[in-house]
Amino acid sequence: MSETQRKLTTIFSADVQDYTRLMGADEEGTLATLKRYRDAMSRLIGVHGGRVINTWGDGLIAEFPSVVEAVRTAVDVQNELAGLNAARPADGRMLFRIGINLGDVIVEGDDIYGDGVNIAARLQGSAPAGGIVISNTVYDQVRNKVAVGFDFLGPLAVKNVADAVPSYAVRIGEREDAPQQPRTDDVRPAMAPVAQARRPAIFSHKPVAFFAVIAIALVVINILTWQGVFWAEWPLLAIVFLAAMNWSRSQTWLDPRLAGLGVVAAGLVCINLLSWHGVFWAVWPLLAIAVVVSLRWIKRG
């Protein structure tokens with residue numbers, strides 16, 4: 001008997017939308033198409049360093065040592081299968097749903113078990129036909145490393161898991177052949193669809209209003225107590241800096257750390273200009289920041 005152990009891994013779960021309907025219409029043709037599509041999926045999984053764990057019915061489970069490669073595989077799979085489906089009639093297209101989770105699993109021989117696998121299956125069950133849904137643990141690792149967009153879906157309830165799992169839909173392009181209605185056949189209770197995707201807020205309005213009120217109050221106080229000196233420029237700079245740092249942490253376009261370094265660099269330039277004595281001393285810390293940003297960018301690549 002093989003020894004049981006645990007490990008952290010990326011679980012890739014996929015199945016076919018409306019599989020029961022396709023089988024009812026053409027059993028032999030559906031099975032041949034399923035084999036062809038699953039072979040293509042298995043090839044791409046291997047190319048990206050993954051391993052197929054198991055296949056059953058219309059489903060497939062795989063694992064990856066790299067979270068980034070798992071998401072890249074899912075995108076490549078959906079793109080390749082979309083090309084294969086383009087030559088088929090609309091009612092005969094085989095559309096896969098994919099869910100990806102990074103979690104701790106139990107390993108027994110070549111199989112894996114546990115909540116990490118269950119969450120991946122739940123994510124897959126909530127994905128649209130031809131779509132991909134990932135957990136927040138996956139999103140945290142890939143959001144700045146894969147050239148796709150993400151839509152926040154909110155917390156996803158998972159059977160036998162105490163806490164809901166925040167989930168994201170991967171945007172891989174709009175496709176007319178991907179219907180958005182939830183699966184109506186062979187639905188298990190743990191695979192009910194989640195609410196419609198919504199974009200995460202890039203910047204909250206409350207901090208903006210808070211900083212704006214303080215800034216306006218300082219300017220008004222400076223004007224009402226005017227003695228020929230605009231002393232409010234320094235606290236205003238501090239307020240702008242805090243607002244910009246808040247933005248750098250909440251925005252999703254750039255690496256938050258790189259955005260934060262950019263804000264620091266801009267702040268140093270402003271301090272140098274406001275305290276100008278004929279020397280641009282900020283060039284040296286700016287050079288250091290540029291080196292740090294370059295090294296981090298190279299490391300990410």
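**Salt bridges in close-up**

**View 1. Asp 18 and Arg 21 meet through their side chains in a salt bridge.** The N to O distance here is 3.9 Å, where a salt bridge is a side-chain nitrogen of Lys or Arg within 4 Å of a carboxyl oxygen of Asp or Glu. Asp 18 counts as buried at 14% relative accessibility, whereas Arg 21, at 41%, counts as partly exposed; buried means under 20% relative accessible area, exposed over 50%, and partly exposed in between (1.4 Å probe, protein chains only). This is a predicted model, in which local features need pLDDT of at least 70 and side-chain atom pairs count only at pLDDT 80 or more, while totals for chains, interfaces and linings use all residues. Residues are numbered from 1 along each chain as its sequence is written, and side-chain values use heavy atoms, with hydrogens and water left out.

**View 2. Glu 63 forms a salt bridge with Lys 7.** The closest N and O atoms of Glu 63 and Lys 7 are 3.0 Å apart, and the pair links distant parts of the chain, 56 residues apart, with Glu 63 in strand S3 (residues 59–64) and Lys 7 in strand S1 (residues 4–16). Helices (H or I, at least four residues) and strands (E, at least two) are DSSP runs, numbered from the N terminus. Glu 63 is buried, with a relative accessible area of 6%, whereas Lys 7 is partly exposed at 31%.

**View 3. Glu 80 forms a salt bridge with Arg 43.**
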